[in-house]
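Hi,

Here is the structure I said I would pass on.

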Amino acid sequence: MITIEKLGVLLGPTDREFEKYGTLNPGVFQEGNTVHLFYRAVEFGNISTIGYAKSDGPFNIVERMERPLIEIDFEYEKHGVEDARIVKIDDIYYLTYTAYDGINALGALATSKDLIHFEKQGIITPQVNYQDYKDFVTRKNEDELNPKYLLLYNLFAEIGLVADKFRLLRDKDLVLFPRKINGKFALLHRIWPGIQIVYFDHWKDLTKSFWEDYLKNLTDYIVLDPKGFFEVNYIGAGGPPIETEYGWLLIYHGVQETITGKTYHAMAALLQLDKPEIEISRLKYPLFSPTRIWERVGAVNNVVFPSGQALFGNDLYIYYGVADESIAIVKLDINELLLELRMQT
């Protein structure tokens with residue numbers, strides 16, 4: 001078993017209007033001893049923007065902005081700019097996030113050269129309704145597709161909304177790998193209920209026709225699907241994968257359906273370095289689960305939602321949202337985790 005040290009809540013809501021109702025799910029970027037946190041800040045009405053804080057070391061907060069760093073600018077994100085993840089490739093920072101308009105949750109991208117000024121590049125995930133989605137994904141390899149990929153289609157079909165051109169395929173938890181793979185950007189994303197991968201040369205290549213072809217061959221791009229008791233409902237990627245000599249270490253969340261509602265767990269998997277759509281192994285049990293009061297009780301109970309990490313020596317610090325309300329940290333030995341994952345193969 002892996003020794004997990006829960007260090008408690010790092011950041012919580014303040015009296016500032018933009019983050020009065022929640023500070024959660026931070027994207028994390030580490031530069032030496034400095035940790036940058038780009039967190040979801042929630043105001044009245046469940047409207048989200050991205051706040052910013054900086055830490056000297058893993059948990060010594062030395063700066064916190066008094067207003068949002070990234071605000072709502074477009075109709076497609078009018079209800080929220082949510083759940084950022086961030087990497088640096090070459091000299092550009094790439095911040096992916098969920099754009100929520102009150103109905104649709106789609107993946108979007110912003111870029112920066114200084115971590116201060118971000119230029120939004122727009123929606124980069126498929127913009128198709130559920131009828132088109134169903135037609136695409138069942139055109140080929142339908143027998144290989146987890147039936148849960150059609151659960152939302154079936155739900156909307158029952159209420160007559162599958163052909164609604166304003167109700168689009170949900171795609172969340174966008175996470176770029178921290179370097180190009182075989183010369184291409186590699187992006188994890190979540191079309192419910194699994195984690196998929198897409199390769200591209202430039203985000204402008206992610207056009208409607210690109211995604212239509214991709215969806216027709218969706219089974220070729222599935223990295224992980226729900227597996228086992230603790231992630232039976234659905235899963236989604238956490239922070240950017242960590243490159244190790246044994247493979248890409250991916251921390252992700254798994255959702256378990258219980259008689260009292262959903263429980264979110266932190267999970268871990270190891271993916272092949274040159275072809276990360278190939279799973280090497282994954283833990284058969286949660287890395288950690290909601291056990292402390294701040295994880296079990298809040299805006300949404302029983303949630304641990306890993307979204308970023310920082311590495312100091314062998315100590316891996318995982319930053320995660322708790323109960324959709326605050327940000328907490330756990331610490332573990334990365335070598336201990338990698339050993340456990342290698343023993344699962």
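Predicted model: local features only at pLDDT ≥ 70, side-chain atom pairs only at ≥ 80, totals over all residues.

Residues are numbered from 1 along each chain as its sequence is written, and side-chain values use heavy atoms, with hydrogens and water left out.

Four strands make up an open, antiparallel sheet in the order 10-11-12-13. Strands here are DSSP runs of E with at least two residues, helices are runs of H or I with at least four, and both are numbered from the N terminus; two strands pair if DSSP finds at least two bridges between them. Strand 10 (172–176) and strand 13 (222–224) are the edges, each with a single partner strand, so one side of each has no neighbour in the sheet. On average, neighbouring strands are turned by 30° against each other, direction ignored.

Strands 10 and 11 pair over three bridges, and Val175 sits opposite Leu188 in strand 11. Strands 12 (195–200) and 13 pair over two bridges, with Leu224 as the bridge partner of Ile195. Because four of its five residues are buried (under 20% relative accessible area, 1.4 Å probe, protein chains only), strand 10 is largely enclosed by the rest of the structure.

Now the pockets. A pocket is an open set of points on a 1 Å grid over the protein atoms alone, where a 1.4 Å probe fits, with protein on both sides within 12 Å along at least five of seven lines; lining residues have an atom within 4 Å of a point. Volume is the space filled by probe spheres set on the points, which are joined across faces, edges and corners.

- The largest pocket holds about 920 Å³. Of its 32 lining residues, Arg40, Lys172, Tyr234, Tyr264 and Asp324 are closest to the centre. Strand 3 (34–43) gives the most, three residues, and strand 10 is among the elements supplying at least two. By class, the lining has 16 nonpolar, six polar and 10 charged residues.
- The second largest pocket is about 280 Å³. It has 14 lining residues, with Pro178, Pro240, Pro241, Ile242 and Gln309 nearest its centre. The lining divides into 11 nonpolar, two polar and one charged.

For those classes, Ala, Val, Leu, Ile, Met, Phe, Trp, Tyr, Cys and Pro are nonpolar, Asp, Glu, Lys and Arg are charged, and the others, Gly among them, are polar.

Cheers

Definitions and conventions: Axes fitted to C-alpha atoms, helices over the stretch in contact; angles between N-to-C directions. Buried < 20%, exposed > 50% of the residue type's maximum accessible area, 1.4 Å probe, protein only.
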